[in-house]
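Open the structure in your viewer and keep the sequence beside it. The stops below go from the whole chain down to one residue.

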Amino acid sequence: MAQRLTATDAHRAAADAPTEAARLAARCAGDAAAAAYRHPLARATQVGHILRASASAARVGELEAGGDPAVGDALLGRARERATPELIGVLRRYPPAAEGRGRVAGLMSALDRSLRRTAVQEPGPAGPDGAS
């Protein structure tokens, strides 16, 4: 319950944030609190808890670069590189992210699509020393 309250409070704080970057930071804090548990309903909105922080970081990078979308795309590429098979497996339990409005929603949808296309490597059988 504490995680849910924290997530809700952070999302409310985002509404009062004075700048886009501050608003995105508050939303990311809310998503981080919410991502600690998986919602039992498989809804596309739950994908935001998994991917919105990366999309928001990409948007902040764009803002710092004077609005350059190439910076956002490069930061999404770095997020894709860091995505683990476990993260992709959890992501695939939910419907794809909705297109939504705004740049962050577009970045999140692009990241979602690219991660879902990523082949997940299943671990091979472990040898006697635990290595696969």
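What follows is a short tour with things to select.

This is a predicted model, in which local features need pLDDT of at least 70 and side-chain atom pairs count only at pLDDT 80 or more, while totals for chains, interfaces and linings use all residues. Residues are numbered from 1 along each chain as its sequence is written, and side-chain values use heavy atoms, with hydrogens and water left out.

Start with the protein chain in cartoon view. It has six helices and zero strands (DSSP runs, numbered from the N terminus: helices are H or I with at least four residues, strands E with at least two). Of its 132 residues, 32% are buried (under 20% relative accessible area, with a 1.4 Å probe and protein chains only).

Next, select residues 47-64, which form helix α3. Buried residues in α3 include Val47, Leu51, Ala55 and Arg59. Helices α1 (2-15), α2 (20-35) and α6 (103-117) are among what covers the buried residues of α3.

Now select Arg52 in α3. Is Arg52 buried or exposed? Its relative accessibility is 13%, so Arg52 counts as buried. Leaving aside neighbours within four places in sequence, its contacts include His11, Asp31 and Met108 (heavy atoms within 4.5 Å).

Finally, select Gly66, which follows α3 and has a positive phi, near 75°.

Notes
Buried < 20%, exposed > 50% of the residue type's maximum accessible area, 1.4 Å probe, protein only.
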